[in-house]
Amino acid sequence: MIFRQYQLGCLSLFSYLIGDETTGRAVVVDPQRDVSEYLADSTTHGLRIERIIETHFHADFLSGHLELAAATGAPISFGDAAHPDYPIEPLAHGQRIELGDVMLEVRNTPGHTPESISLVVHEHADAGPWGVLTGDALFIGDVGRPDLLASAGWTGDQLARLLYHSLQDQLLSLPDPTRVFPAHGAGSSCGKHLSVATESTIGEQRTTNYALAPMSEDAFVNAVTEGQTAAPAYFAFAADANHRERELLDEHEPPEMLDLDAVQSLQHDGATVIDTRTPETFAAGHLRGAINVGLDGRFAEYAGSVIDPHTPIVVITDTGRETEAKVRLARIGFDNVAGALAQIETVLLEHPECADRASRVSATAVDEWRRAEPGLLIVDIRNPGEHEAGAIAGSTPIPLGQLRARRDELDPRLPTVVYCAGGSRSSIAASTLRTLGVANVADILGGYEAWTRAGLPIEPTPTDHAPTDQRKEF
């Protein structure tokens with residue numbers, strides 16, 4: 001058997017290539033949208049990708065099933081409760097997919113979504129389970145959140161009860177040595193306690209995963225529904241897009257290079273400019289009206305949290321990274337990249353009237369500022385779970401992904417300071433607020449960590465702002 005796990009760290013995504021060495025037949029499970037690595041590996045190992053399987057309709061990324069199907073001619077398969085608007089070959093509960101000696105068994109495991117399935121992998125058809133691909137039903141250290149489909153007519157309670165039975169009847173019935181391979185790892189917003197580990201076993205999860213501890217169905221529902229953070233703003237868009245026929249991504253095609261006049265014309269018509277350079281470089285000088293979302297790290301997730309997916313986008317990057325920015329936005333379905341502005345440093349030197357600077361201030365300077373100006377508004381843009389260690393005294397909690405929706409809660413006439421954990425997300429927030437009309441806004445260098453290191457005043461946050469999500473970000 002050829003079994004390969006792919007890890008896309010910036011979206012906490014795992015996908016899989018499974019093949020039979022004797023027959024050369026293979027499947028890909030939960031592919032990311034840029035599919036060249038699966039194609040290259042299948043060629044290297046002499047495999048033919050004969051089927052693309054989705055464990056469910058993903059919300060946190062736009063899947064590559066259409067791109068991979070176009071490249072290979074392989075059919076797309078979901079569980080038989082899925083009904084996208086493109087052709088699929090549905091898979092029934094208990095169905096076996098024989099690749100040769102290697103065999104996959106389909107198990108319906110609804111709960112994270114109604115159509116979710118898991119795939120039990122048998123290295124030899126006459127042997128017991130070797131592993132199981134659990135999609136978003138079972139993670140390492142957690143289970144899939146059941147509260148993402150409220151707009152689709154399902155309640156978190158309904159899906160949590162389905163998930164309880166999927167776990168108890170379908171996954172925990174597997175032998176303890178069965179290896180567990182989920183669709184996501186640490187950092188994903190699809191759960192609360194995801195581990196940094198890339199695989200586990202049923203036995204290990206049975207004894208260490210809080211959601212698999214012996215408990216009643218009602219207790220399970222409470223455990224998995226409480227403390228979930230607000231989903232990133234783009235989740236509903238990506239989930240819907242994964243149901244739809246759409247244009248294919250050419251991951252090698254660079255965006256059109258634009259001059260300043262073209263960019264300013266697009267801005268005037270409502271386009272968003274994303275400057276993907278570091279916060280320090282952005283602060284020193286950037287195109288007026290740009291939002292700073294650093295290209296390293298969780299770029300697509302953060303961009304999807306502060307911009308509208310239907311708005312034309314212009315990207316500004318370090319030289320040579322324009323295509324990377326376009327592809328990473330495409331991974332969450334943000335295909336409306338109108339182009340890239342080249343040579344930003346030269347543009348700003350030649351057109352200083354179009355340049356702006358960002359204010360980044362030290363924790364001690366902010367403490368002095370608020371003493372001198374009692375009306376200073378301090379906004380905490382961390383996730384709710386990050387508040388458990390405390391917050392800057394007097395700050396207002398508004399998570400990054402909710403800034404646009406809750407902008408009416410902020411008075412744009414007031415001087416404003418934003419902070420996160422370590423100083424990266426706060427640059428995104430401050431630049432976003434400037435586009436929303438907050439003229440005097442700064443962010444704290446080093447974030448909450450710098451504040452606490454300086455021994456400045458903090459306060460415990462109320463329990464309703466401190467759910468159990470422990471994800472730490474910067």
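What covers the buried residues of H2? I started my notes there.

**Ground rules.** I am working on a predicted model, where local features need pLDDT of at least 70, side-chain atom pairs count only at pLDDT 80 or more, and totals for chains, interfaces and linings use all residues. Residues are numbered from 1 along each chain as its sequence is written, and side-chain values use heavy atoms, with hydrogens and water left out.

**Helix H2.** I looked up H2 (residues 65-72) and found His 65, Leu 66, Glu 67, Leu 68 and Ala 69 buried. Buried is under 20% relative accessible area, exposed over 50% and partly exposed in between, with a 1.4 Å probe and protein chains only. Helices (H or I, at least four residues) and strands (E, at least two) are DSSP runs, numbered from the N terminus. The cover over those buried residues includes strand S3 (25-29), helix H1 (36-44), strand S4 (48-53) and strand S5 (76-77), with contact being heavy atoms within 4.5 Å. Just after H2, I noted a positive phi of about 80° at Gly 73.

**Glu 115.** My next stop was the loop between strand S7 (103-108) and strand S8 (117-122), where Glu 115 lies. Which partners does Glu 115 touch, leaving out residues up to four places away in sequence? I listed Thr 55, His 56, Phe 57, Gly 79, Ala 81 and Ala 82. Glu 115 is buried yet has no salt bridge, and the nearest side chain of opposite charge, Arg 244, is 13 Å away. A salt bridge here needs a side-chain nitrogen of Lys or Arg within 4 Å of a carboxyl oxygen of Asp or Glu; for charge, Lys and Arg count as positive, Asp and Glu as negative, and His and the chain ends are not counted. I did find the Glu 115 side chain reaching the backbone nitrogen of Phe 57 at 2.8 Å. It also makes a polar contact with the side chain of Thr 113 at 2.9 Å (N or O atoms within 3.5 Å, one able to donate a hydrogen and the other to accept it; residues adjacent in sequence count only if both atoms are side-chain atoms).

**Gly 285.** I placed Gly 285 in the loop between helix H8 (279-284) and strand S14 (286-287). Why does Gly 285 count as buried? Because its relative accessibility is 13%. Not counting residues up to four places away in sequence, Gly 285 touches Arg 277, Leu 348 and Asp 356. I also checked Ser 189: Gly 285 is 96 residues from it in sequence and 32 Å in space, C-alpha to C-alpha.
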